[in-house]
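Open the model in your viewer and show it as a cartoon. Then follow the selections below.

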Amino acid sequence: MKCVGVMQPRQRYALFVIVILLSFVTQISTSVTHYSIPEEMKEGSVVANLATDLGLDVKTLNRRKMRLDIISNKKYLDVNKDTGELYIVEKIDREHVCTTKSSASCYLRLEVILENPLRIFNIEVEIMDMNDNAPQFRRGAFHLDVSESTPKGERFSLSNAVDPDVGSNTVKTYHLSESEHFNIEVQTGREGTKLADLILNKVLDREEQAVHNLILTAVDGGTPPRSGTASIIVHVLDNNDNAPVFDNTIYSVKIMENSPIGSLVVDLNATDLDEGSNSDLTYSYSLYTPEKAQETFNLNPSTGEITVKGMLNYEDFRIYDMEVIAADRGVNSLSGQCTVKIQIEDMNDNHPEISIKSFQSPVSENIDVDTVIAVVSVSDKDSGNNGVVDLRIPNNMPFKLTESPDNFYKLVVSEPLDREKVPEYDITFTVTDRGSPPLSDNETMTLQLLDVNDNVPHFPQSFYTIRVMENNAPGALLSSLSAFDPDLHENQYLVYFILEKEIANTSMSMLFSINPENGNLYALKTFDYEMEKDFLFHIEARDSGSPPLSSNVTVHIIIVDQNDNAPVIVSPWRAHGSVVEEKIPRSTDKGSLVAKVIALDVDSVHNSRVTYQFLQVTDASLFSLDQYNGEIRTMRMFSFKDSRHQRLIVVAKDNGDPALSATVTIKLSTVETAVKAYSDMTEVPLEYDIFSDLNLYLVIGLGSVSFLLLITILVTIVLKCQKVKPSKAAPPCRNSVISERNSTIADSTLVSNDAYWYSLFLAETRKGKLVVRQPMPKGSRYIVSSIPRSTGMSETSDSAPSTLQV
């Protein structure tokens, strides 16, 4: 009988764990989903629908947090969680993604990860090559030294052409230009690389042909095929059959930038199996080694040591490729060569740089807004944010920067310029990178402005008032009228001149002169205030610019009066040097008007203000003289003790400094009876010219005074007429008639129909006679009447106006 064993608890637990692990592992897919896409697909192109291909529910992708994990590559692909589509994020360059040619295939390996439950899918995207690169030789020319003793069939290895493409698109074959001495043989390397060997078909003869020039062409297998060429220059040498050989064909070295000068980079070593001079080696750079590499690194020609010669800068050169030749010293020198690759490791050590490509200075101040003044380029040899730069200028300038492609900036005028305000600008360009800490640099350029004639001459005042004392000396300096022009050079050279203006047929240039260079104004003549009181004209200042600009100023010349005219006594009138004789009744009351002295002064203002005073008087207690109006009145009545003849000398003095004066002598005679007939007392100085210049002024003055006196008399008559009783039948006014009967006139006032009368007649009211002062024009008629005043005489006597006919 067989016994069936019973499973222990520990064994049951172990079996449970194994089952759980197996169920979890089965959720992780071990299969690989493969896709193939061509390189250079556009961004956003859909590769495939992962949800469909992997059998996933599209609605659960977001909930299960579907994500794409790219293994060891840049993220060129991504998945759309809404649709489950795998799409291109960035254009893929197969040659950049797969830098090695160890395999003809190029893959991007991805993992699609989902949670709840956890599932991982392996995705493999193969990048298919396109024939987008042509074969290129590392050097454009190959120099070969071939001894003439080289046997037929000798091979010479040539540097192969490089094509980044793969498969059929890479280099497939080589072709050599036609030559009777050489052909090529194409071989395939271990990795499928096509190599070309130059084969000597015919023994060389240096004396027949020393140099052979050949063209080597590399052709790829794409459709259409692409090709590249290189020159092969074969130099035929004499016998020296062993060439130097380096320990390594290729030397790869890494060195930090900014390494000290003299630091050892690599020690090269080559050997030559020959003996003597043919084994003595000299190291040198090949002709195809860039000059920059030769300037940066020093090659010891005897030892083969390469040391640092110049500054190493990662931003300038990251990799230096050079070819070093070891040549023996045989008669027909042979050489061997190797390739040295030096890789510079980076440091952050570069400041941004400013380069002024174009700068205009000086420029005209009227340059148009938005005109380009300068073109500036900025650069930074660093990478990333350390290589991103910003350019700026001070804010308080009338310029702005506009950015152009490739870090070029234009400096343009943003506001109108004015040289008179700012003659030049120091413009500082500051460039700053975005590194941490940021590095910066600056450069200052001076922009000078050329003057333009854009400012008119400016006078300090728009109106000049110049006071000139009369009787000035001709040629005297009156004033300096200088203008200012803020422009430069000929634009600020000013010329002054008087704008022509005629006054009374006299040109201003005949009265005044101005210095054209400094604006000094001179008088050309002596001025007389009594003839000319002021002048108004314009002076212009003009610059020498093109076109010229000008401005003018108004000049007001005021002639200032001097006390150079003495008063002239016009009443009582008398011939020059004669004495005025007057007769008055002895019964004249106190306060009666005896005579009135009138003097005129042609000066102005205070110089013409005349006052009167007695210079000599027979009896100072008998007469008084009003100092302002020149009226001589009695201070008391005559007594029997008073002399019948009184002599009065009156002086008329003006208010000038010094004062000028004139005198008149009046002889007064007192009478008991009426005066003689009017005609007997007439004094006519026939020799006096009433139309002289002086009398003309006097007549005008007296006419004005007479007009005012006439108005006063008319007002007085109206007032008297209003006092007469209405019951009387007599006329409203009773007048005493001045006739040829020599009747006595009480205190009366003369009224004439001609305002000129006062210059012709003098009424001696106390004597009752009318005295002719000047010759009267023939044919003149004068109506004269007298108005009685309160003299104690009866007013009932009839009187009528008298007419005087000449």
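How many bridges join strand 30 to strand 31? Select residues 399–404, which are strand 30, and strand 31: six bridges join the two, and they run antiparallel. This is a predicted model, where local features need pLDDT of at least 70, side-chain atom pairs count only at pLDDT 80 or more, and totals for chains, interfaces and linings use all residues. Residues are numbered from 1 along each chain as its sequence is written, and side-chain values use heavy atoms, with hydrogens and water left out. Strands (E, at least two residues) and helices (H or I, at least four) are DSSP runs, numbered from the N terminus. Strands pair if DSSP finds at least two bridges between them.

Stay on this hairpin. Leu401 stands opposite Leu411 in strand 31. Three residues lie between the strands, and Asp406 takes a positive phi near 65°.

Val376 stands opposite Tyr409.

Centre on Leu77. Beyond its neighbours within four places in sequence, its contacts (heavy atoms within 4.5 Å) include Val47, Leu68, Ile70, Ile92 and Val125.

Finish on strand 3. Its covered face holds Leu68 and Ile70; Arg67 and Asp69 are on the uncovered one. Strand 3 pairs with strand 6, antiparallel, over four bridges. Leu68 stands opposite Val112. Buried here means under 20% relative accessible area, exposed over 50%, partly exposed in between (1.4 Å probe, protein chains only).
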